Amino acid sequence: MSVTENEAIKTAILDWTAPGFPLEIREEAARIFHDYVQGQNQEEVDYYAHPLQFGTGGLRGVIGNGAGRMNRWTVGRTTVGLSQFLAKRSKKPALVIAHDSRRMSREFAETTAGVAAGLGLNVFLFQGVTPTPVLSFAIRELKATGGVVITASHNPPEYNGYKVYASDGSQMVGEDQTDLEASIAAVTDYASVRFLSPSDDLFQKRVKIIGDDIKKIYYEKFKGVPFVSSASARKKDIKIIYSPLHGTGGPWLPGLMQKYGFQVEMVPEQAEPDGEFPTVRFPNPEEREALKLSEELAREKGADLFLATDPDADRLGAGIRDKNGQYVLINGNQIGSLMCAFLCEKMGAGERKKSDPQWHVFKTIVTTDLQTRIAEQNGVRIHDVLTGFKYIAEQMRNIELSRAGFKKGRDLFLFGGEESYGYLPVEFVRDKDSLASALLLCEMIFEKGDILDYLNEVYLRYGLYLEDLKSVTMKGSAGQQKMTEIINRLREEDLTGWKLGERTVTGVLDYKKQTRNGKADREFFKDLPTSNVLQFLLEPEGKLTIRPSGTEPKVKLYVSLRHPVKPTSLDEL
């Protein structure tokens, strides 16, 4: 370590001994400074010396003291930077704020509201726990300048986060994100942040509480959606079990389903918002263990399916009853492919006239190419974007603003999805939406009957694809350094011709250098920003993708393979 870096770490720790902090924090920082000088307690030093960084969706970290954790001051400092950023873009900046059920979420939401109000912004603060997609919807509906949702998605209880949204309800990308990060980085004095409490006159003057009014408008929006059918007595015959996994979906999803004819029974042990997540190890619908109580209740009630959403209700998992009465957990690629097929076949089928709109589907580069085949065979345009739903939202903005070759009125958004259980089948939200997705899945069952039979039809029609994901955790600055070294070493190797199982590497795409097999490929990467991702093309058809997570200390490895033989019957399948 250089002398300069050593002094920078000392200064960062000592910043938290300033008089503006409570005594207990100043004493903790002094103790950690002493430990650092003695060469001890490296993990605690990291939390004080290295500020939380914006990742795929904003801030996310463990709750606690220091610049590298989620606390009142890191939230306040970020809000100062955000408020100053928004004030440059509007003469009357307005901010919408929502939160999930986690530890400190309401406190962080009120902190955000108070700091923004103190800096002259008008603020809309949701009264109770609110799904992330509803926050995205509300920004658009209220014509606000930006939004914040306090959530750490499906992370363990000790985490929380701060996700930032632009005026169109999407997360920021490109220059906007760079400018926002610079605005936040310019706020160097954590102790100088001005906090307002909800009892302060200025807070009450500038902060408006919202909730039920937005819920009513959001529910009504689905009346014009093509996949939503009219209410029918037969819809009530579909038995649906639902778990919000102690998160935000409970007060929102059942009401939407009921409005359009479906009856939902909630898992009682997981119905109430609870940031301790007492019944699950990880509140993530991707985890089989998190769905255990849902499956048990579904079996007891003889339900046709069970649904589960993560704490901020942007992701959806599902289990479907098969002909033997057992429940099959379909993964994110399968759910997304079912939705993609249903919508493409509904909207893209038949002869296309010149006057007909052109529908578009968007997926991330790590999502199954089955969706590519589905779209192409139905005359629907499909586009790959980088991992992170904000890149799908960016393309929706391009359609809305007639940019990047899209034309409003001619080009229409149909569906967007990513393999990590996130899907968006409506155009009035700009983030993945488990509520809209749950309604779509149930409408599919209402129309198609056995959804597992329909999945088999999709495989027979378009090809058999299977996917898997492996995550490797690498914590702390040492872990980050090791992760970087490994990926850089892979980047420098010539891996063409390597055998992976029974498949051969035929090409390497480097999304950071924007090269194919070591040579620049401007045509392939023309619509894709640089990203620290390596993708290995395999023969027979397949992909292996390696990327560090933008929100967690992990490196993720995604594999997607197409069977070399296209099955022609259920027996072959």
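This note goes through salt bridges, backbone geometry and cysteines in the structure above.

1. Basis. The model is predicted, so local features need pLDDT of at least 70 and side-chain atom pairs count only at pLDDT 80 or more, while totals for chains, interfaces and linings use all residues. Residues are numbered from 1 along each chain as its sequence is written, and side-chain values use heavy atoms, with hydrogens and water left out.

2. Salt-bridge count. The criterion is a side-chain nitrogen of Lys or Arg within 4 Å of a carboxyl oxygen of Asp or Glu. The count by this rule is 39 salt bridges.

3. Asp-35 and Arg-31. Their side chains form a salt bridge, with N to O at 3.7 Å. Both residues belong to helix H2 (residues 23-37). They sit 4 residues apart, about one turn of the helix. Helices here are DSSP runs of H or I with at least four residues, strands are runs of E with at least two, and numbering starts from the N terminus. The partners fall in separate accessibility classes. Buried means under 20% relative accessible area, exposed means over 50%, and partly exposed lies in between (1.4 Å probe, protein chains only). Asp-35 has a relative accessible area of 13%, so Asp-35 is buried. Arg-31 counts as partly exposed because its relative accessibility is 41%.

4. Arg-102 and Asp-100. This salt bridge has an N to O distance of 3.5 Å. Arg-102 and Asp-100 are both buried.

5. Lys-163 and Asp-312. Here the side chains meet in a salt bridge at 4.0 Å, N to O. The pair links distant parts of the chain, 149 residues apart. Lys-163 is in strand S5 (residues 159-165). Asp-312 is in the loop between strand S9 (305-309) and strand S10 (316-321). Both Lys-163 and Asp-312 are buried. The pair also belongs to a network: salt bridges with shared partners join Lys-163, Asp-312, Asp-314, Glu-418 and Lys-432.

6. Cis peptide. Glu-539 and Pro-540 are joined by a cis peptide bond, with omega about -5 degrees. Pro-540 lies in the loop between strand S21 (534-539) and strand S22 (542-548).

7. Positive phi at Phe-277. Phi is near 45 degrees, a positive value in a residue other than glycine. Phe-277 is in the loop between strand S8 (264-266) and helix H11 (292-301). Is Phe-277 buried or exposed? Its relative accessibility is 2%, so Phe-277 counts as buried.

8. Positive phi at Ala-404. Phi is near 55 degrees, again positive in a residue other than glycine. Ala-404 is in the loop between helix H14 (389-400) and strand S14 (411-418). Ala-404 has a relative accessible area of 61%, so Ala-404 is exposed.

9. Cysteines. A disulfide is a pair of cysteine sulfur atoms within 2.5 Å. How many disulfides does the structure hold? The number is 0. Cys-344 is in no disulfide, and the nearest cysteine sulfur, that of Cys-340, is 3.9 Å away. Cys-344 has 0% relative accessibility, so Cys-344 counts as buried.
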